[in-house]
Amino acid sequence: MAERTLRLGHLYPSLMNIYGDRGNILCLQRRCRLRGIDLEVTPLEPGDVLHPDAFDLLFMGGAQDREQRLVSEDLAATKGALREAVEDGVVFLGVCGGYQLSGRFYRGAEGEEMRGAGVFDLYTLHPGPGSKRLIGNLAAEWEGGSLAGFENHGGRTYLGAGAQPFAKVVHGYGNDGVSGYEGARFKNAFGSYVHGPILPKNPAFADKLLSLALERRYGDGTLAPLDDTLEQMAHAAALRAR
Amino acid sequence: MAAARTLASVWAAKTTAIASRKLRRGGGTAASGLVGLWLNPGLISDLAAQLGQGSIVITGTNGKTTASLLINETARAAGLSPLANASGSNLTRGIASALALAVDVDGGLDEAERRLGVFEVDEATISLALPQLRPRVAVFTNLFRDQLDRYGEVETVAARWREAIAAAPPGLRLVLNADDPAVASLGEGRDGVVYFGVEDKKLHAGAPEHASDALFCSCGARLEYTVAFYGHVGHWRCPDCGRKRPKPSVSARLVQLGDGHQARFQLESHGEKSSLSLGIGGLYNVYNALAAAAAAEALPLPRHALVDALTSTGAAFGRQEAFDVEGRRVELYLGKNPAGLNQVLSTLLLDPSRTVALIVLNDGIADGRDISWVWDADFEVAAGRLQHVVVSGSRAAEMALRLKYAEWDESTLEVEPGVTAALDKALAATPPGGCLTVVPTYTAMLTVREILARRSGRDPFWR
């Protein structure tokens with residue numbers, strides 16, 4: 001097979017990098033390398049203009065509040081093509097803050113509003129200062145099996161008609177602690193509160209993202225199997241953690 | 001009535017400590033303090049008022065325990081009689097316990113005029129400790145992301161510190177790390193602050209590493225670094241508002257880290273300069289020594305006592321502590337957050353003779369239930385350096401996965417969740433006369449240390 005290349009745009013690696021989110025990039029790089037796929041990773045920092053057809057995959061991690069405000073402003077200024085790219089089938093993953101900011105808006109504890117990228121038809125509300133943060137180990141079921149990791153968020157996310165839930169909560173809180181749903185999906189875009197990071201110990205989901213990107217670019221999403229012994233052990237331990 | 005109440009709570013605390021030790025439930029510090037505070041919420045201020053030399057508190061993400069030990073030893077070398085809380089018991093209950101166990105049965109303190117309280121305080125507890133202890137000096141070592149599920153974001157901790165300092169009783173003198181922008185900014189607008197920092201530009205690590213959390217100025221602009229030592233610690237300035245690293249009066253120059261077991265440097269403090277050899281290794285311990293030196297300047301304690309303490313003090317509880325077990329040297333390096341672990345790793349790499357390691361990752365409440373932080377530590381720097389690594393703890397598999405993604409050779413990794421079994425395997429893989437390096441999280445350190453202490457014939461409890 002001719003060598004295949006995937007282009008990954010990493011949104012705000014210097015700002016949205018909390019909760020070990022760089023592990024997601026390490027994971028995609030490794031799983032590509034072992035299969036002879038060349039994964040080119042390009043950081044997209046504030047001021048870098050996003051072109052809708054420049055990438056096959058886009059990733060945005062979580063951050064602290066101050067960084068999220070900076071990101072919200074920059075998303076509108078230079079990353080307006082995010083929505084267009086997702087409409088066109090580009091694979092997207094937003095985790096935690098990156099999930100919240102890929103919705104329509106985030107309303108913070110003091111009522112201040114941050115605009116999101118509008119990738120998903122959803123919004124996030126923080127119930128106010130002193131309200132309970134949703135913190136703990138999270139297990140969920142998605143179409144590819146079980147999903148495990150850790151969540152830590154003050155905002156509650158509510159899906160609109162245009163977004164599908166990504167997974168069903170088995171234990172933990174998920175989007176809002178009430179609906180029983182975790183994350184969102186629209187076309188090839190996924191949003192999730194699961195960090196930990198999400199991809200290394202959920203290898204089936206990591207491969208789903210790669211497979212979708214290969215399918216879109218090359219018309220064939222087939223992936224060679226890998227030795228995931230440690231990944232499955234870590235997955236099982238994360239599912240057990242309460 | 002206050003005296004009777006104080007006395008009753010002191011007795012209750014003492015009795016609890018004895019019972020707790022008898023039941024082998026640990027050193028008995030937390031439980032006795034809890035009981036004492038439950039009976040008398042004013043216990044700390046009642047007893048601390050007897051400390052003739054007042055007290056000093058030490059807080060921050062990393063370095064609290066070691067800096068406290070160095071200050072304690074400096075006070076001792078100066079002829080004072082320091083009163084300290086046990087390592088790890090750094091919530092109000094630990095402070096209450098230390099005080100209650102130090103006074104005699106009628107509530108009085110021996111040699112009260114020579115007593116100096118030296119209290120390590122959890123970074124989230126400082127707002128409670130300052131009004132109760134009314135310390136003369138507060139030392140802030142550094143601020144990094146640590147247990148985000150428990151402490152919250154770095155910004156939240158910094159805001160709590162600012163509030164605690166603003167509300168503190170008058171007369172409080174601050175000792176601050178000039179090289180950490182989140183800490184140095186606590187001194188804005190205050191008099192008498194003693195700043196400490198490293199002046200040795202050859203330790204420049206390039207760009208600030210991944211585990212950096214204070215990259216923005218309070219004005220919102222991104223900070224610039226002429227020198228980055230580790231994390232966001234370095235020589236920083238704001239290009240927009242002009243804030244910059246304060247010039248420290250206590251500093252280290254000509255730093256030589258050697259093989260990581262000791263550190264040599266030229267210490268400037270009390271307006272004098274001299275070279276010294278520190279009994280513990282790594283750049284992070286140079287910072288701990290500077291924190292102690294700046295504390296000595298602020299209290300003040302004489303420079304000769306400081307130099308005595310810095311050159312002669314060994315490792316603190318679980319921090320570079322060494323044990324002789326079955327003919328092997330076992331070294332314990334607590335690693336509990338990305339910035340601290342990065343410093344531990346870079347120190348360990350200075351000694352090429354290390355070939356076997358035991359890494360233990362637990363997700364207990366005191367470790368942080370969220371283990372994602374191991375992905376923010378730079379294990380990549382040690383890829384290919386070790387021949388055998390046993391990975392253990394309640395989240396052993398995740399740790400092994402992290403090492404796999406850091407390109408550590410998978411065939412050198414052995415996963416054994418049970419800590420005792422893992423220690424046995426690691427010891428078996430260490431040649432007689434060789435060195436086993438153990439890097440545990442906090443609760444794992446307590447478990448491993450107890451086993452090591454027992455097997456090397458030492459007291460499992462810290463003094």
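Modeller: A salt bridge here is a side-chain nitrogen of Lys or Arg within 4 Å of a carboxyl oxygen of Asp or Glu. The model is predicted, so local features need pLDDT of at least 70 and side-chain atom pairs count only at pLDDT 80 or more, while totals for chains, interfaces and linings use all residues. Residues are numbered from 1 along each chain as its sequence is written, chains are lettered from A and ligands numbered from 1 in the order in which they are written, and side-chain values use heavy atoms, with hydrogens and water left out.

Start with one pair. Arg22(A) and Asp378(B) form a salt bridge through their side chains, at 2.7 Å from N to O. The rule finds five salt bridges across the interface of chain A and chain B. Over all chains the count is 42. Another salt bridge links Lys201(A) to Glu398(B), with the closest N and O atoms 2.8 Å apart. Lys201(A) sits in the loop between strand 13 (189-192) and helix 5 (203-218) of chain A, and Glu398(B) sits in helix 13 (residues 396-405) of chain B, so this pair joins two chains. Helices (H or I, at least four residues) and strands (E, at least two) are DSSP runs, numbered from the N terminus.

Now the whole interface. On the chain A side 38 residues are in contact with 32 residues of chain B; contact means heavy atoms within 4.5 Å. About 3100 Å² is buried between the two chains, and carbon and sulfur atoms give 51% of that.

Polar contacts come next. The rule finds 14 residue pairs in polar contact across the interface, both residues at pLDDT 80 or more. Such a contact is a pair of N or O atoms within 3.5 Å; within protein, one must be able to donate a hydrogen and the other to accept it, and residues adjacent in sequence count only if both atoms are side-chain atoms.

Which elements of chain A supply at least two residues each of the side that touches chain B? They are helix 1 (22-33), helix 2 (65-78), strand 8 (134-142), strand 9 (145-153) and helix 6 (229-240). Helix 1 gives the most, with seven residues. By class, this side of chain A has 17 nonpolar, nine polar and twelve charged residues. Ala, Val, Leu, Ile, Met, Phe, Trp, Tyr, Cys and Pro count as nonpolar, Asp, Glu, Lys and Arg as charged, and the others, Gly among them, as polar.

Last, a space lined by both chains. The second largest pocket holds about 680 Å³. Its lining has 30 residues, and Asp65(A), His126(A), Arg133(A), Glu153(B) and Thr156(B) lie nearest its centre. A pocket, on a 1 Å grid over the protein atoms alone, is an open set of points with protein on both sides within 12 Å along at least five of seven lines; lining residues have an atom within 4 Å of a point. Points are joined across faces, edges and corners, and a volume is the space filled by probe spheres set on the points. Helix 2 and strand 9 of chain A, with helix 7 (148-151) and helix 8 (154-166) of chain B, each supply at least two lining residues. The lining divides into nine nonpolar, 13 polar and eight charged residues.

Methods:
Buried area is the accessible area (1.4 Å probe) that two parts lose on being put together, summed over both. On a 1 Å grid over the protein atoms alone, a cavity is a set of points where a 1.4 Å probe fits but cannot get out, and a pocket is an open set with protein on both sides within 12 Å along at least five of seven lines; lining residues have an atom within 4 Å of a point.
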